[in-house]
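Thanks for coming, everyone. I have one structure to show today. Let me put it on the screen.

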Amino acid sequence: MTKSKMSLELPKKYSKEQWERGGSRPEHEKFIGMPVTSWSQVESWTATKGFNTGMAGNKEYMIRYFLGERFPDMGWGQFGTEVEDCVTLGDCEPFTPKELETIKDIKPLGVFQEEIVIDFGDFCLLGYIDDMSEPKDGVVDIVRDYKTKSKSSKADLHDPKKLQLELYILGLQQRGLKVVNAEYVIIERLGGRECMNGGGRNSLRIGTNVWRETYMFSEKSVARAESIVRETVKQISNYYKVFKVLNAE
């Protein structure tokens, strides 16, 4: 893989604490202190409109990551984490028997929250695979991402701009692994409108549907994801350098 030749500066660096939280994988120790991004940051920068402010995505990114402004979770993140923990770890305390009836037949693959650190040369990208098959003879049968979505909103997961799974696959390829299949398991989420209007986590609940959808990827789409990350990070770095100069004491 061709290494990046850019002199990069990003708001975040991969820390020793992150390394330890990811399981202290020996092959990831070399990234400590390296500029780091994530797919969610790339999506935030390139978004037409930011989720929290309604401003252009790059402006909302700068408010959050350059200025350190925190946007509180409206309940979506907490709910999604609780659903995933229920499916993979059996920690289902927040949910009612009726909600649990919906997800009882989901069978986890077995490797949960696997840390992925993708080497881009001058920076790295950090992510966590929700669930995947145990590698056998250099092959991962399935990489899976759990999502909570309404029926009307789940279609956007197959938008060509959604490249999270490609990057996970790239990270596994850098380990010398071949990924055969990828999929979404989407658990129906109800109460989205109430949550958006300030109802918070308590307004959200599991519906009656689970959709298992194959995610189509190719070497071309993986290469495209890599290219988009490189270009986006270059833009962020250029803006961040100017920000630091303008705010130097």
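I will go from the overall chain to the core, then to single residues.

First, the ground rules. This is a predicted model: local features need pLDDT of at least 70, side-chain atom pairs count only at pLDDT 80 or more, and totals for chains, interfaces and linings use all residues. Residues are numbered from 1 along each chain as its sequence is written, and side-chain values use heavy atoms, with hydrogens and water left out.

Now the overall picture. The chain has eight helices and six strands. Both are DSSP runs, numbered from the N terminus: helices are H or I with at least four residues, strands are E with at least two. Reading from the N terminus, the order is α-β-α-α-α-α-β-β-β-α-β-α-β-α.

How does the radius of gyration agree with a compact globule? For 249 residues, such a globule would have a value near 18 Å; the chain has 19 Å, so the two agree. That radius is taken over C-alpha atoms, and the globule rule is 2.2 Å times the number of residues to the power 0.38. Along its principal axes, the C-alpha trace spans about 55 × 50 × 35 Å.

Next, burial. Of the 249 residues, 44% are buried. Buried means under 20% relative accessible area, exposed means over 50%, and partly exposed is in between, with a 1.4 Å probe and protein chains only. The chain exposes about 13,600 Å², and carbon and sulfur atoms supply 50% of that area. Accessible areas come from the Shrake-Rupley method with a 1.4 Å probe; for residues, only the protein chains shown count as cover.

Contacts next. Take those with a separation of 6 or more: residues 24 or more positions apart account for 66% of them. Contact here means heavy atoms within 4.5 Å.

On to the core. Nonpolar side chains tend to be buried together in soluble globular proteins. Here, the largest nonpolar core has 39 residues. Such a core is a set of buried Ala, Val, Leu, Ile, Met, Phe, Trp, Tyr and Cys residues joined through side-chain atoms within 4.5 Å. Phe 120, Val 143, Leu 167, Leu 172 and Val 229 have the most contacts inside it. Two or more residues each come from H2 (39–46), H3 (57–66), S2 (111–119), S3 (124–132), S4 (139–149), H6 (164–174), S5 (178–190) and H8 (219–246). Another core, of 15 residues, lies apart from this one; among its members are Val 83, Ile 106, Tyr 146 and Ile 187.

Look at helix H6. Is it mostly covered or mostly open? Covered: nine of the 11 residues in H6 are buried. Those buried residues run from Gln 164 to Leu 172, and include Tyr 168 and Gly 171. Their cover includes H2, S2, S3, S4, S5 and H8. Take Leu 172 as one case. Beyond four places in sequence, Leu 172 is in contact with Ile 116, Ile 129, Met 132, Val 143, Leu 177 and Val 179. After H6 comes Gly 176, with a positive phi near 85°.

Helix H3 next. Its buried residues are Gly 57, Asn 58, Glu 60, Tyr 61, Tyr 65 and Phe 66. They pack against H2 and H8. Just after H3, Gly 68 also has a positive phi, about 80°. Gly 68 sits in the loop between H3 and H4 (76–89). At 49% relative accessible area, Gly 68 is partly exposed. Gly 68 and Pro 11 are 57 residues apart along the chain, yet their C-alpha atoms are separated by 9.5 Å.

Now strand S5, and Val 185 within it. Val 185 has 2% relative accessibility, so it counts as buried. Leaving out residues up to four places away, Val 185 touches Ile 106, Arg 144, Asp 145, Tyr 146, Lys 147, Val 210, Trp 211 and Arg 212.

Finally, which residues have a positive phi without being glycine? Gln 113 is one, at about 50°. Gln 113 is in strand S2 and is partly exposed at 38%. Asp 137 is another, at about 55°. Asp 137 is in the loop between S3 and S4, and it is exposed, with a relative accessible area of 83%.

That is my tour; questions, please.
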